[in-house]
Amino acid sequence: MAHKKILAVMGATGAQGGGLARAVLHDPDGGFSLRALTRNASSDRAKELARHGAEIVVADADAPDTLQRAFAGVSAAFCVTNFWEHFSPEREFAQAQAMATAAKRTGLEHVIWSTLEDTRRWVPLTDNRMPTLMGKYKVPHFDAKGEANRLFTELAIPTTFMLTSFYWDNFIHFGLHPTRSRDGTLAIRFPMANKRLPGIAVEDIGRCAYALFKRGREFVGRTVGIAGEHLTGSTMAGHMSEALRQEVRYEDVSPEVYRTLPLSGAPELANMFQFKRDFQETFCGARSVEFSRALNPRLLTFREWLAQNKNCIPIE
C-alpha cells in the first residue's frame, strides 16, 4: 500500500472538523490518514473516530505548544475556530495565530483555513447602518476570521481560504428552528427580506474540504466559497412545510427587532443577516453551488437535507 499523507483536523469532534474527519475515514483509498485533534480524547466522539481508524491527538488552540506537537510529521491541516464557544473575537484571532505559527514551524504542505469575510471592508466602523459591537467589530465572528487571513499570508503558508455558508444544521442545534406565531402557525424568522441566503449541510463542508485536500496544491493561495443552495426565507419555509407536513411561514423581521430576540448572540446574528441581506450579490457570488458540487458530487440540496433531518428539528 502506498504511503499515506497525514491530515490533521482541528475540531475533529465538532461540526466542520467532524464532517472532514468522517470523509477521510470513509475513503480508505484516498491517500490520507486522519490525525484527529481534540481537547478531549476520552469523549464519545473521539472514541468513535478512534474505532474507525483515526489517530487521536490532544491539541488545544489556546495552548500553542500542543499545536506544534500535533502538527509534527503532518502533510496537511484543516484549521477552524468556534466563536460560539466563547463569544470572543480576540480569542478567535489568537487561536488562528497559534495555528498559523504552528503550521509555519512544522512546514505543512497545505492548510485549509475555514474563514469568512471581514465585514468592515463593506461596513466601516463609522457606518451607522448597523451598530458596532464589542468596540471594533460589525459581525465579530466574521471579522475576526477575515482579519486572521493575513496571518497565513504573511507567514507564506500554503493556504486555501475556504468561505463557508449558513449551516442548515442551525435549524436543529442553534435555536433557529421554527417556533409558533401568535396565531399558532410555525414560522422561521430572519432579517433577510426576500434576499437569498447561501446555506449548506455541515457534513458537506467537510466533504468539500476533503476534496480540496485531494486536489493537492491546486487551490493554494486562493479563496473558494462553498454552498449547497442559495435560497430565500420563503423558499426554505416552503420546503420545511413539505418536509414537516405542516405549514411553516417565513417572517421577515427587521435587524432592529432581531437584536432584541431571546437568542444567544442576537445582536451579532442580526448584524450577520443584515450584512448578507444588504450585500447579497457579493456574498452569494463568493459561494458557488456549481463549484461546490464539482468538489462534492454528493452535495445535498435543502430538500434532501430536510428528508434526512426533519425528525431532528425541534418544534415549539
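How many aromatic pairs does the count come to? The count comes to 23 aromatic pairs, where rings of Phe, Tyr and Trp (its six-membered ring) pair if their centres lie within 6.5 Å, with planes under 30 degrees apart taken as stacked, over 60 as edge-to-face and the rest as tilted. The model is predicted, with local features needing pLDDT of at least 70 and side-chain atom pairs counting only at pLDDT 80 or more, while totals for chains, interfaces and linings use all residues. Residues are numbered from 1 along each chain as its sequence is written, and side-chain values use heavy atoms, with hydrogens and water left out.

**View 1. The ring pair of Phe166 and Phe273.** The ring centres of Phe166 and Phe273 are 6.2 Å apart and the planes stand at 50°, so this pair is tilted. Phe166 belongs to strand β7 and Phe273 to helix α10 (residues 266-278), so that the pair links parts of the chain 107 residues apart (helices, H or I of at least four residues, and strands, E of at least two, are DSSP runs numbered from the N terminus). Phe166 and Phe273 are both buried, that is, under 20% relative accessible area, with exposed meaning over 50% and partly exposed in between (1.4 Å probe, protein chains only). Ring pairs also join these two residues into a cluster whose members include Trp168, Phe171, Phe190 and Tyr250.

**View 2. Phe283 with Phe275 and Arg287.** The rings of Phe275 and Phe283 have centres 6.1 Å apart and planes at 85°, so the pair is edge-to-face, and both residues are buried. The charged end of Arg287 sits over the ring of Phe283, 3.6 Å from its centre; the criterion is that NZ of Lys or CZ of Arg is within 6 Å of the ring centre and within 35 degrees of the ring normal.

**View 3. The open sheet of 3 strands.** The strands follow the order β7-β10-β12 with mixed pairing, two strands being paired if DSSP finds at least two bridges between them. The edge strands, each pairing on one side only, are β7 (166-167) and β12 (229-232). Strand β10 (residues 196-200) runs antiparallel to β12 and is joined to it by 4 bridges, and Leu197 has Leu231 in β12 as its bridge partner.

**View 4. Helix α8 across β10 and β12.** Helix α8 (residues 233-244) runs at about 95° to β12, with axes fitted as lines to C-alpha atoms, for helices over the stretch in contact, and angles from 0 to 180 degrees between N-to-C directions. The 12 residues of α8 reach 16 Å from first C-alpha to last, close to the 16 Å expected at 1.5 Å a residue, the expected span being 1.5 Å times one less than the number of residues. Among the buried residues of α8 are Met236, His239, Met240 and Leu244, and what covers the buried residues includes α6 (170-173), β9 (186-190) and α13 (302-309), contact meaning heavy atoms within 4.5 Å. Arg245, which follows α8, has a positive phi near 60°.

**View 5. The open sheet of 7 strands.** The order is β3-β2-β1-β4-β5-β6-β11, with parallel pairing, and the edge strands are β3 (55-58) and β11 (223-225). Strands β4 (residues 76-79) and β5 (residues 110-115) run parallel and are joined by 4 bridges, with His110 in β5 as the bridge partner of Ala76. Helix α5 (residues 140-154) lies across β5 and β6 (159-163), at about 165° to β5.
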